Amino acid sequence: MTAPDHPAIEMDHLKSWIGREDVATDVVGEDLARKYHAMFDAPGAPPGIGVAAPRLIHFCLAQPAVPTAGLGPDGHPTRGGFLPPVPLPRRMWAGGALTFHGDLKVGDVVRRASRIADVALKEGRTGPLCFVTVEHRVEANGLLAIEERQDIVYRGSDVPGASGKTPPPAATGDHMKTMTAGTPLLFRYSALTFNAHRIHYDRPYATEVEGYPALVVQGPMQAALLCTYAAELRGAPPARFSFRGHFPLFDTDTFALHATADADGLKLWTAREGGPVSMSAEASW
């Protein structure tokens, strides 16, 4: 549902960011591939030069290198650079959709071109939500490899899912893999993605300032786990993958990756024991 104008949110100003572009380059280095492989306890040897890297490793590439002095109190870059200065305190990666035209291989030179596609205000259970849609085109050695839509949501200070109706427990998939995401895994993922958002590694900040019960498991990492699980189940990485966050997972949770086949491929989701769907995803080949 579209929200009425909010007195603290000047939408005309925020919409002026639509069309803004940013370009960055990076290399799929052997060191990154080795660390990414180790972080997720992947079997076998890490991929070497010329070998396909895992899907979604590009979340670790060409990330903004804002000086530490340019970070806000939550660890995110200060508002008003490439992303619009939305005056709501909580920023989360809400979801996204990806089409893979080819593999990123270890050693590839990668160019990411990003564009603000939309800024929209909606009304949520706990107040206004501002959605920023970013489109990314990722090229490897000059050839288009990935088209991506990234959905970022800004919200008030209430913890997502903390109020409103209690959601039902998630279903059990036809396939299920039990996991935990302890503090070292969260820290490693934040380090590889150069993400200083404090809810993922600073427990006093996460619990005392933002009001979460524990450290928050990164949404992009959940997406990477689900995408890898889809590839394991089908024996090949998906050509299309989309995901959406619903409720947070925490480092103290035991949770599972779930998957069920449908006509188009696989429906996947994460959920803690007895809890609601945390992230849902779809993969197709």
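**Note on the cores and strand pairing of the predicted model**

1. The largest nonpolar core contains 54 residues, and those with the most contacts inside it are Tyr36, Leu56, Leu104, Met221, Phe241, Phe243 and Leu268. A nonpolar core is here a set of buried Ala, Val, Leu, Ile, Met, Phe, Trp, Tyr and Cys residues joined through side-chain atoms within 4.5 Å; buried means under 20% relative accessible area, exposed over 50% and partly exposed in between, with a 1.4 Å probe and protein chains only. Helix 5 (residues 219–234) gives the most to this core, with 8 residues. A second, separate core has 14 residues, including Leu83, Val86, Ile116 and Cys130.

2. The model is predicted: local features need pLDDT of at least 70 and side-chain atom pairs count only at pLDDT 80 or more, while totals for chains, interfaces and linings use all residues. Residues are numbered from 1 along each chain as its sequence is written, and side-chain values use heavy atoms, with hydrogens and water left out.

3. Leu104 is in contact (heavy atoms within 4.5 Å) with Val28, Val51, Ala52, Ala53, His58, Leu61, Val110, Val138, Ala140, Ala145 and Ile146, its neighbours within four places in sequence being left aside.

4. Strand 5 (residues 143–155) pairs with strand 2 (residues 90–100) in the antiparallel sense over 10 bridges, and Trp93 has Ile152 of strand 5 as its bridge partner. Strands (E, at least two residues) and helices (H or I, at least four) are DSSP runs numbered from the N terminus; two strands pair if DSSP finds at least two bridges between them.

5. Strand 5 is also joined to strand 4 (residues 127–140), again antiparallel, by 11 bridges. Within this pairing, Val153 in strand 5 stands opposite Phe131. The two strands form a hairpin with 2 residues between them, and Asn141 in the turn has a positive phi of about 55 degrees.

6. Thr270 lies in strand 9 (residues 265–272) and is buried, its relative accessible area being 0%. Its side chain makes a polar contact of 2.7 Å with that of Gln222. A polar contact is a pair of N or O atoms within 3.5 Å; within protein, one must be able to donate a hydrogen and the other to accept it, and residues adjacent in sequence count only if both atoms are side-chain atoms.

7. Ala271, likewise found in strand 9, is buried at a relative accessible area of 4%. Beyond residues up to four places away in sequence, Ala271 touches Ala170, Leu249, Phe255, Ala256, His258, Pro276, Val277 and Ser278.
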